[in-house]
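Shall we walk through a structure together, one question at a time? Have the sequence and the 3D view open as you read.

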Amino acid sequence: MALNGKTPPGPLTDKWTKYRSTVPLVAPNNKRRIDIIVVGSGLAGAAAAATFGELGYNVKCFTFHDSPRRAHSIAAQGGINAAKNYRNDGDSVYRLFYDTIKGGDYRARESNVYRLAEVSTNIIDQAVAQGVPFAREYGGLLDNRSFGGVQVSRTFYARGQTGQQLLIGAYQSLSRQISLGTVQQYNRHEMLDLVMVDGKARGIIARNLLTGELERHAAHAVVLATGGYGNVFYLSTNAMMCNVTAAWRSVRRGALMANPCFTQIHPTCIPVSGDYQSKLTLMSESLRNDGRVWVPKKQEDAAAIRAGKKTGRDIAEDDRDYFLERRYPAFGNLVPRDVASRAAKVACDEGLGVAPTGLAVFMDFSAAIDRYGKSKASTMGNHHPDAATVRDLGEKVVKEKYGNLFAMYEKITGEDPYKMPMKIYPAVHYTMGGLWVDYNLETNISGLFAAGECNFSDHGANRLGASALMQGLADGYFVLPYTIGNFLANEIRTPKIDANSPEFIKAEADTKTRIDQLMSIKGKQSVESFHRRLGKIMWEKCGMARNAEGLTLARQQIRELRDEFYQDVFVPGSATGEYNPELEKALRVADFLEMGELMVVDALSRKESCGGHFREEYQTEEGEALRDDANYAYVAAWEYNGWDTDPVLHKEELVFENVELKSRSYK
Amino acid sequence: MENMRLKLKVWRQPKPNSKGQFVEYQLDNVSEHMSFLEMLDVLNENLVSKREDPVAFEHDCREGICGTCSMVINGHPHGPQSGTTTCQLHMRHFNDGDTITVEPFRATAFPVVKDLVVERAAFDRIIQAGGYISVNTGQARDANSLPVSKEASSASFDAAACIGCGACVAACPNASAMLFVSAKVSHLALLPQGKVEAQRRALNMVKQMDLEGFGNCSNVTACEAECPKEISVNNIARLNREYISASFSYEEKEDKGGGAG
């Protein structure tokens, strides 16, 4: 299969403008006759569904939540990037593009990333018009802060709840279209299969989660905006219901899964505290604007802290290793996530971890509290403040900036982060890999589009902070509404798609068979226990560091676990006539058991280190990732044909015409 | 601290129309570091291992922001800890030997689906009635072309922090949704972008709220006390002002229509 990225010709800076001006249009009278299914109602899905509705298409939007407002986009904390250059600090569309390509370790498509940077500015305008209460300065204009991997301040934020506010903006736009009748909203419906007719995506099989009934929904095109697959690791910062099922079922129908091994481990999460743990909580990257990351220099100090005999406060300044500042002086604590995570792992591997499990480093705000306190005292005319005054004033400033994050930390750990340094450790957070899409965000299946985290498009091997919200909204508001026209302009003569055609009947029957199979096993082990075991395999062997031996073993273990699952899982209740969350979970875990194997296969075949994919065999003497551009500057798009055959690799070579491939340095 | 032993009295109701009842469960080995939902996970694992039906409860982000988790714990929506959702309530706030009562949010407008799960779609319909600014994608002007004072923006945010969980309704003896509705009305009315349709919005949202079967506000203010995001009842006062002034002055006029061409 030849993969055509369909990048438009011409100079990088003109591609999108030219494309937008020449893409075929669908006239308003024809839009009314065309149906679009949008699966997912997070930033990408809600934005796309609302915008399609505004344009005049008939939209059906599906979510497995009880309301579109619950999608996991809501939990994004830190912010959203945009090349507004409001700070006058040298930002530009090109710089955002360059930072994103470099941050992704040169494994993303130039044209897509440049477009993302271009439309980033429109997103902020749109969100403000919708009533998103971004942080502002006293002059009434928008405030910014910095995120990792960049040297400008281009991140817009709404306290530590930027995702919530942006999602509410998109949800309100979606709600308006629902009230106008252009969008039909299906809550508590989960997509369990993709329906293809004559080689095109024409609908979905959805399960009504309240009744268990299977429903056939037909449309001219299907858009997936179903998020990432981080929950394959069981423990992650993802919400409990995040899953790969919609995307994976499309893969089962022929869609290609691209770069599945590119997963993001976020450096600043609250460490694991026990075996019962169900999820991990992120502490926003924005904290690294002011938090300094360190471990004790001496192993005996670290051991004393682990044993509860000392605290971080007892370690003298000279006995602390601010390892990010030491190793990466140019970016310091604001190195990209993959770099910061690995550095924390190295410190803990050396026996310097500070939690009882040995897996935590400190993030310390005392320097910031001191700095802000002095500055605040000075603005109040007090040029010789005492230490207590400085501390008090400084804590107030820090509280204003990060209060809700500090409160969350205290709720979870029971420790006061104003007094004691936070303990943090990396955790799975985001997946850069996803469904392969071309410039139109169309998968290799005609009429099937993928937006937001569920596609692989923009972040290469590592995503920069505050870029997920940007991509989700860019895809939903400003890219898909144009690019889908490229497909739909050829569909204006296609009559309404019939949901009673043999293809739909068959897909529904296939889905019922899968459900009945799971219900009939009646084994002894819970779904949860299988998920936990899968997660452990993935985290240990396909997590922050990977090697051929571990990955080979992992593949074997996943296959065995999958066999065991289909022999011994117990799903209580019944498949119909009741709300059965255990069955929902079982269907999702079944798909994770296949996706996990594909991730391992991909990690095994990519014999280089780049971004979040760190193969221990391929590193520099200083322990930095060692890329192999000569052999691996491609997108790995995998075709999956079931358990009994190896997945087939299709390569899309990445062409870099505008940036020079360099070794990524943050020193 | 040693692990705790707890007695749980949990509301079990298999279907929307079936009769529910409290069922008692004994749970040992509860760690103080567990969240309340992780404690229920352990209970459910126990039930599944005995091939019993696990307790259905809703949850998703488990970091206090999605608004999915609900339930009334010892008489308090989201439990006894102020400003905290159930998912962020940790077991260190309970004591060894405690008996904990867990039941669903109770309100006519929030019918029980199963056990602790209720249907809150009424909130969506209230937002659909007007909880938005009527602006299409692509119509926006530059974000900094209209300054908004830090104070107004911050006050708007305070209201916009609502997570739509419905605790205010569950806390209210009248099952009123005034705190929820007023938070949305305030969020938008406090911003210049949202002022334009403020009157229409207040009228339509209140009308829908009444249609959904929520009760009236009688200034009990239990909603504010139980709100996990500490949304202020001052918003209700603002809604009342908006609503009353709109009732007197706002009139939806029919467009004359027509036009040449």
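Predicted model: local features only at pLDDT ≥ 70, side-chain atom pairs only at ≥ 80, totals over all residues.

Q: In what order do the 5 strands of the open sheet in chain A run?
A: The pairing in this sheet is parallel. Its edge strands are β5 (183–186) and β17 (448–450) of chain A, each of which pairs on one side only. Between neighbours, the strands are turned by 20° on average, direction ignored. The order is β5-β2-β1-β9-β17.

Q: Which residue of β17(A) is the bridge partner of L224(A)?
A: Start with strand β9 of chain A, which spans residues 221–224. This strand runs parallel to β17(A), and 3 bridges join the two. In β17(A), the partner of L224(A) is A450(A).

Q: Which helix lies across β9 and β17 of chain A?
A: Look for a helix that covers residues 468–488 of chain A. Its direction is at about 150° to β9(A). This is helix α13.

Q: How far apart do the C-alpha centres of domain 1 and domain 2 of chain B lie?
A: The domain assignment places domain 1 at 4–114 and domain 2 at 121–249. Across the boundary, 18 residues of domain 1 are in contact with 16 residues of domain 2. On the domain 1 side, these comprise 8 nonpolar, 9 polar and 1 charged residues. The centres lie 29 Å apart.

Q: Which element supplies the largest share of the side of chain B that touches chain A?
A: The contact takes 70 residues from chain B and 64 residues from chain A. Among the elements of chain B that each supply at least two residues are α1 (36–49), α3 (150–160) and α5 (178–189). By class, this side of chain B has 28 nonpolar, 24 polar and 18 charged residues. The largest share, 7 residues, comes from α1(B).

Definitions and conventions:
Residues numbered from 1 in each chain as written. Chains lettered and ligands numbered in written order. Domains from an automatic or database assignment. Contact = placed C-beta atoms within 7 Å. Nonpolar A, V, L, I, M, F, W, Y, C, P; charged D, E, K, R; others polar. Helix = DSSP H or I, 4+ residues; strand = E, 2+ residues; numbered from the N terminus. Pairing = 2+ DSSP bridges. Axes fitted to C-alpha atoms, helices over the stretch in contact; angles between N-to-C directions.
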